[in-house]
Amino acid sequence: MTSTPGVIAVVESQLSNFGLTPLRAAHELGFHTVLVSNDPDRYRVVGIAEEIFSRHVDEIVRTDTNSADAVIAALLPFHEQGLLRGVMTVTDYNIPIVAEVAAHFGLPGLSPEAARTCRDKLLMRQACERAGVAVPGFHQATAEEDALAAADRFGYPVVVKPMTESASIGVTLCRTPDEVVAAYRDISSSPTDFRGQPRRPGALVEEYLLGFEVSVESVLADGVRRFLGVTDKALGAHPHFVEMGDTFPSMLSAPVRAECTELARQALEAVGHDFGAAHVEVKMTEKGPYVVEVNGRMPGAEITQLIREATGLYLQREVVRLHAGLAADLTTTLDRAAASRYLSARQAGTLTEIGGTDLARRVPGVVDVDLEVHPGDPVRPAESNLDLLGYVVAVGDTTGDAVRRAEAALGQLTPVIVPATGDGR
């Protein structure tokens with residue numbers, strides 16, 4: 001270990017290929033990589049897990065990653081040896097904990113207050129509202145009658161969501177009072193989130209924003225915020241808000257991109273974002289852009305791959321450098337476009353196979369086809385990003401080229417599913 005420039009600790013991650021790529025990037029930079037997790041085996045279902053665990057994870061530390069004190073104790077031996085150079089995460093669930101750990105050890109990172117504000121949808125909206133940044137009307141409901149009163153005030157349909165989840169878990173468009181009550185009960189009945197952390201009581205009831213969604217990607221380094229670009233986001237059918245694809249750079253007009261970018265800048269200032277990467281989701285409506293989410297991390301899904309394919313910028317590597325106290329090189333070397341499209345099941349049941357992968361890879365411009373499920377796995381129509389079956393990524397000289405190629409490749413993939421009722425066909 002002494003021959004390396006030190007230790008980079010990644011505290012949990014997203015359940016996706018992207019989630020494990022910071023470990024690869026840190027290892028490629030020569031760091032001794034440590035995965036800190038309360039259940040490292042959860043990541044072995046990820047497509048690239050075998051490669052990452054065998055080649056790029058030097059050490060696994062098991063501890064209670066829902067506790068900053070436990071993570072500090074687990075990393076203390078590295079710190080006492082003078083080896084700990086950085087601690088980071090790319091999952092929303094652990095951003096506040098990592099911020100506390102970094103601050104404790106005097107390492108670079110997002111301030112704990114900013115991390116808590118980004119993590120909690122209610123705190124984020126309150127911070128933006130105080131700063132005059134456009135957000136949808138919102139209300140924390142702590143009883144069914146409270147949720148119904150908020151829905152009446154905003155007007156139907158409304159969005160009901162948990163305040164501390166990720167990947168669109170539990171986010172529902174409700175068109176009737178009965179749907180509001182059902183969504184509220186579903187959220188409020190669970191005291192903990194997907195990673196076992198306490199949920200804020202009740203549910204968030206929000207005004208529904210009618211329009212299209214984008215995200216704005218940026219990096220703050222040496223006091224300067226660099227905007228990398230705007231990502232077009234394709235969402236699935238309501239009542240859910242599943243991310244079905246992304247395109248970088250956006251195909252929108254320069255004035256619209258500028259308007260979304262400026263709103264993202266204002267939102268990041270409002271929440272106090274003061275370090276590293278950020279991913280701000282924005283909804284463009286007839287009244288202009290509104291902030292949907294402010295995430296104090298790199299963009300998830302395959303957006304970092306799209307950025308790299310389109311611009312040559314290896315964002316994971318540069319963010320690792322920032323967390324290690326090194327200068328980031330945000331230079332771009334390519335000028336093209338990239339798009340991802342996601343595969344979902346049309347019915348619930350057991351997956352037998354996914355046909356057409358060879359055809360998908362033969363579509364001109366396709367650079368990646370990845371399946372995140374295996375024969376025998378239970379599947380269902382997507383209610384959150386966790387339910388997606390796989391994805392394709394394609395590149396092109398223009399955004400339109402990349403989109404058409406990705407969609408053509410996705411069309412080759414055919415899931416074969418034995419329905420839950422047993423009458424497969």
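Select Glu144, Ala147, Leu148 and Ala151 in helix H7 and then Pro177, Val180, Val181, Tyr184 and Arg185 in helix H8, and you have the residues through which the two helices meet, contact being heavy atoms within 4.5 Å. They divide into seven nonpolar, no polar and two charged, where Ala, Val, Leu, Ile, Met, Phe, Trp, Tyr, Cys and Pro count as nonpolar, Asp, Glu, Lys and Arg as charged, and the others, Gly among them, as polar. This is a predicted model, in which local features need pLDDT of at least 70 and side-chain atom pairs count only at pLDDT 80 or more, while totals for chains, interfaces and linings use all residues. Residues are numbered from 1 along each chain as its sequence is written, and side-chain values use heavy atoms, with hydrogens and water left out.

Next, show helix H2, residues 49-56, helices here being DSSP runs of H or I with at least four residues and strands runs of E with at least two, numbered from the N terminus. Select Ala49, Ile52, Phe53 and His56, which are the buried residues of H2 (buried is under 20% relative accessible area, exposed over 50%, partly exposed in between, with a 1.4 Å probe and protein chains only). Seen down the axis of H2, these buried residues fall within an arc of 120 degrees, so they line one face of the helix, the arc being that of the directions from the helix axis to the C-beta atoms. They pack against helix H1 (17-28), strand S2 (32-37) and strand S3 (59-62), whereas Glu50, Ser54 and Arg55, on the other side of H2, are exposed.

Finally, go to Pro364, in the loop between helix H12 (357-362) and strand S16 (366-371), where Pro364 is exposed with a relative accessible area of 57%.
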